[in-house]
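Hello,

Here is the structure I promised to pass on to you.

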Amino acid sequence: MATPKAILFDLDGVIVDTAKHHFQAWKQLANELGFSFTEEDNERLKGVSRMDSLNILLEIGQIEKSETEKKELAAKKNERYVDSISTMNETEILPGVEHFLNELKNNNIPFALGSASKNAPTILKKIGLFEKFDAIIDGNSITNAKPDPEVFLLGAKELSVNAKSCVVFEDAQSGIEAGKAAGMYVVGVGDSRVLKGADDYIKSMEEMTLGRLEI
Ligand code: B16
Ligand code: MG
């Protein structure tokens, strides 16, 4: 594509690895409910909203809960998750991220966050990147979770650029589908045998340069 007009980044799994913190909190909840929860199970929750994640977890444990109980369980999980990320700092920014963000800044290419997480602003502040982003779209700003394109379309709108001129970086299948549904060029961060439908794949942001997008 020609030089992108804007970049949209997923947070968890692209900018910072919060999956391990989510996993521990969900695992503890599952254990308390009387069933085990594996790392493989956790893969199904990547990029998925908090409530949808809880529904998948309960389906794995074959447990039914009322809406009120579900709200309490989700709040409990979130409390533990927030507690476990409280010590997070800039050393947890994934390799290659800061270098690429600096390259974008130097070339006046705006970038926004497009995350399903309601904790996204807190995390960005902890790792010292909050001020760098030109816009932040997160779980608090959207009504339709990924794979719905809402989060990325809102990002493009906030940056005043056409969706077709945007590049999305995503580590989850639901996010790749959201980016494609938004009409954007999508780079999958992870294993191309697992992630389907992206336009390009990288194993880590360390492989990314602006030049690679200008093909
Ligand atoms: P929270 P992303 C997603 O963030 C995570 O991948 C997913 O595992 C999590 O359940 C979701 O955020 C909601 O997070 O409970 O903090 O609102 O990958 O879209 O940046
Ligand atoms: Mg993610």
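Below is what I found, starting with the overall layout and moving on to the ligand.

This is a predicted model, in which local features need pLDDT of at least 70 and side-chain atom pairs count only at pLDDT 80 or more, while totals for chains, interfaces and linings use all residues. Residues are numbered from 1 along each chain as its sequence is written, chains are lettered from A and ligands numbered from 1 in the order in which they are written, and side-chain values use heavy atoms, leaving out hydrogens and water.

The chain splits into domain 1 (6-17 + 90-213) and domain 2 (19-85), with bounds from an automatic or database domain assignment. Their C-alpha centres are 24 Å apart. Across the boundary, 13 residues of domain 1 are in contact with 13 residues of domain 2 (heavy atoms within 4.5 Å).

Now to ligand 1. It is surrounded by 17 residues (a heavy atom within 4 Å of the ligand), and the closest are V48, S115, S117, K118 and N119. By type, the shell holds five nonpolar (Ala, Val, Leu, Ile, Met, Phe, Trp, Tyr, Cys and Pro), six charged (Asp, Glu, Lys and Arg) and six polar residues (the others, Gly among them).

Best wishes
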